[in-house]
Amino acid sequence: MKQSVKMIVGNWKMHGLGGALDQARAIDEAAKALNGACRVALCPPSTLIDRMATVLRDGEAAVGGQDCHAKPSGAFTGSVSAEMLADAGATLVILGHSERRSAFGETDAEVAAKVEAAIAAGLEPIVCVGETLAQREAGEAIAVVSAQVEGSLPDSLSERPFAVAYEPVWAIGTGLTPTLEQIAEVHAAVRAAIVKRLGQGARTAPILYGGSVKPDNARDILATPEVGGALVGGASLKAADFIPIMKAAV
Ligand code: PEP
């Protein structure tokens, strides 16, 4: 895979029944037509991972989870382990999404433990960081995301494939996006924090942007320095919205 190939990841959140696999099929057909010029992954709810992985078995799009437990198994009612995601056909997992950090109180240390579990299960983690609106308005965005990178990436990530997603909390699901200058500024800071944390070997780990990426803003965002792809929520649910974003990455 060329270094410059962008990674476009769909986060379906708690959306999607069996019928939604038609959207995944259409997205995969479009991904095939791009001939490896863009790397595509879909992260459906856990209940769809196995079926989606089966449907896309000979396809181009990868399948990922949206979270995992830090332990491989145990008395944790309702939780899913990294090993279980991998067993169901996932090859990636989103970790530390702001909805989990805010709604479930996940700390950087807990995210780091989940990243360790993902690596142990052979999954590629996508670690999310991002500031709230109050933090941005207080001029703390760079400090907040740098600290999240520092605390959420364990040593064992060195030499392993992983991505970081910069997702300003105030841009997720709101239709608001930072300016391209703000995105470039934070991505440069995230890169510096990754390299400080894991060394020069991590210089090529993709840094995705996430937060209200749509067909009409994707091309500009993806052309911004240090933007290695996009993590897409709402616009990943329909192939008609997601495919133009994939094409904007090429
Ligand atoms: C997300 O859930 O990670 C996300 C970026 O959502 P949206 O694209 O809907 O803002």
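This is a predicted model: local features need pLDDT of at least 70, side-chain atom pairs count only at pLDDT 80 or more; totals for chains, interfaces and linings use all residues.

Q: Where is N11 placed?

A: N11 is in strand 1, which covers residues 6–11.

Q: Is N11 buried or exposed?

A: N11 is buried, because its relative accessibility is 5% and the cut-off for buried is under 20%.

Q: Which residues is N11 in contact with, leaving aside its neighbours within four places in sequence?

A: They are C43, Q66, I94, H97, L231, V232, G233 and S236.

Q: Turning to the ligand, which residues around it come nearest?

A: Of the 14 residues around the ligand, the nearest are K13, E167, G173, S212 and G233. G233 is also among the contacts of N11.

Q: What is the distance from a polar side-chain atom of K13 to an oxygen atom of the ligand?

A: For K13 the distance is 2.7 Å. E167 likewise has a polar side-chain atom 2.7 Å from an oxygen atom of the ligand. In the side chain of N11, an N or O atom is 3.2 Å from a ligand oxygen.

Q: How much of the ligand's accessible area does the protein cover?

A: On its own the ligand has 300 Å² of accessible area, and the protein covers 97% of that.

Q: And what is the shell around the ligand by class?

A: The shell has eight polar, four nonpolar and two charged residues.

Notes: Residues are numbered from 1 along each chain as its sequence is written. Side-chain values use heavy atoms; hydrogens and water are left out. Helices (H or I, at least four residues) and strands (E, at least two) are DSSP runs, numbered from the N terminus. Buried means under 20% relative accessible area, exposed over 50%, partly exposed in between (1.4 Å probe, protein chains only). Contact means heavy atoms within 4.5 Å. A residue is near a molecule or strand if one of its heavy atoms lies within 4 Å of it. A polar contact is a pair of N or O atoms within 3.5 Å; within protein, one must be able to donate a hydrogen and the other to accept it, and residues adjacent in sequence count only if both atoms are side-chain atoms. Accessible areas come from the Shrake-Rupley method with a 1.4 Å probe; for residues, only the protein chains shown count as cover. Ala, Val, Leu, Ile, Met, Phe, Trp, Tyr, Cys and Pro count as nonpolar, Asp, Glu, Lys and Arg as charged, and the others, Gly among them, as polar.
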